[in-house]
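Please consult the sequence and structure shown here alongside the text.

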Amino acid sequence: MRVLVAIGGNALLKRGEMLAIANQRRNMADAAAPLAVIAREHEMVLVHGNGPQVGLLALEADAYKDAPAYPLDVLGAESQGMIGFVIEEAMRRFLPDKEIVAVLTQTLVDPGDPAFAAPSKPIGPVYDEETAKALAAERGWSVAPDGKSWRRVVASPAPQRIVELASIRRLVESGCVVICAGGGGIPVRPGPAGAPEGIEAVIDKDLAARLLAVELAADCLVILTDVDGLYENWGKPGQRLLKSIAARDLDPASFASGSMRPKVEAVRGFVEATGRPAFIGSLAEAAALIAGRAGTRIEP
């Protein structure tokens, strides 16, 4: 079975945790074990988030005043390399006999996408409201609530095409575990000569995972996060875990923007496009999720 797995930035960094490489390596070492169970039994393609990391890289670039700050597309490429290395490093300990390849991946977007005028993608560390608004005034950021905290938000246009799709497909068909489309992919637009060129944005990794899963004819899409599934009336009295739900009964607008909403859009879109199931649940229960013993299954 071909499984497309998307993991959030929480696989490397817990919410509010210091953005230190030692923390990311420790968290990824824990995440690698359940992912390796899937990779041993199935063809696995792994897409990862980069929100905390790309935000940290932007802060670091901004701190050096002797050169212009690097744009988000370049920082996205930098974060793909860094995170891909950390994931490979951890996964090889559990899969010594598997070929594991991280692919620098570009994702084509529409430069006219209305998302460029309405920043919504959280990146970087979390702040209290006062600090976030002070930083926004100082640095020209857009900021927004993210749970109980605040974060910088940037444009997040819809992914249209994975540039390296053919290469990724060949690697999967040859038996490699492929890490790709990190952070949703490096955002690019069609250049004047037709070749892709970078654009300032961060693409949602769940929506890129949906696109990739459809194009690779994956048998299922699995989105792993820091909660154990989709909940009805989340955060309210009587909240209830949805163990199974039809895609047509999911309304993305009823879920929080910037967190669960793109995950719901991704799984609904995949199921409707392919007639195959999708899953949302916790990283620790990845194998049980596919087996139907945990999390939420989204049915055709």
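## Strand 10 and its partners

Arg189 has Glu197 in strand 11 as its bridge partner. Strand 10 and strand 11 (residues 196–198) are antiparallel and joined by three bridges; two strands are taken to pair if DSSP finds at least two bridges between them. Helices (H or I, at least four residues) and strands (E, at least two) are DSSP runs, numbered from the N terminus. Five residues lie between the strands in the hairpin of strand 10 and strand 11, where Gly194 adopts a positive phi near 95°.

Strand 10 (residues 186–190) also pairs with strand 4 (residues 106–108), in the parallel sense and over three bridges. Here Gln106 is placed opposite Ile186 of strand 10.

The model is predicted: local features require pLDDT of at least 70 and side-chain atom pairs count only at pLDDT 80 or more, whereas totals for chains, interfaces and linings use all residues. Residues are numbered from 1 along each chain as its sequence is written, and side-chain values use heavy atoms, with hydrogens and water left out.

Four strands form an open sheet in the order 8-4-10-11, and the pairing is mixed. Strand 8 (161–162) and strand 11 are at the edges with a single partner strand each, so one side of each lacks a neighbour in the sheet.

Leu46 has Ile179 of strand 9 as its bridge partner.

Contact means heavy atoms within 4.5 Å. Axes are lines fitted to C-alpha atoms, for helices over the stretch in contact, and angles run from 0 to 180 degrees between N-to-C directions.

## Packing of helix 3

Helix 1 (residues 21–41) packs against helix 3 (residues 72–94) at an angle of about 55°, the axes being 8 Å apart. Helix 1 is therefore oblique to helix 3; angles under 35 degrees count as roughly parallel, over 145 as roughly antiparallel, 65 to 115 as roughly perpendicular and the rest as oblique. The crossing of helix 1 and helix 3 is right-handed, that is, the near helix is turned clockwise from the far one by less than a right angle. Contact residues include Met28, Ala32 and Leu35 of helix 1, and Phe85, Ile87 and Phe94 of helix 3.

The axes of helix 2 (residues 51–63) and helix 3 come within 9 Å and cross at roughly 125°, which means that helix 2 is oblique to helix 3. This crossing, too, is right-handed. Among the residues in contact are Val54 and Leu57 of helix 2 and Leu75, Met82 and Ile83 of helix 3.
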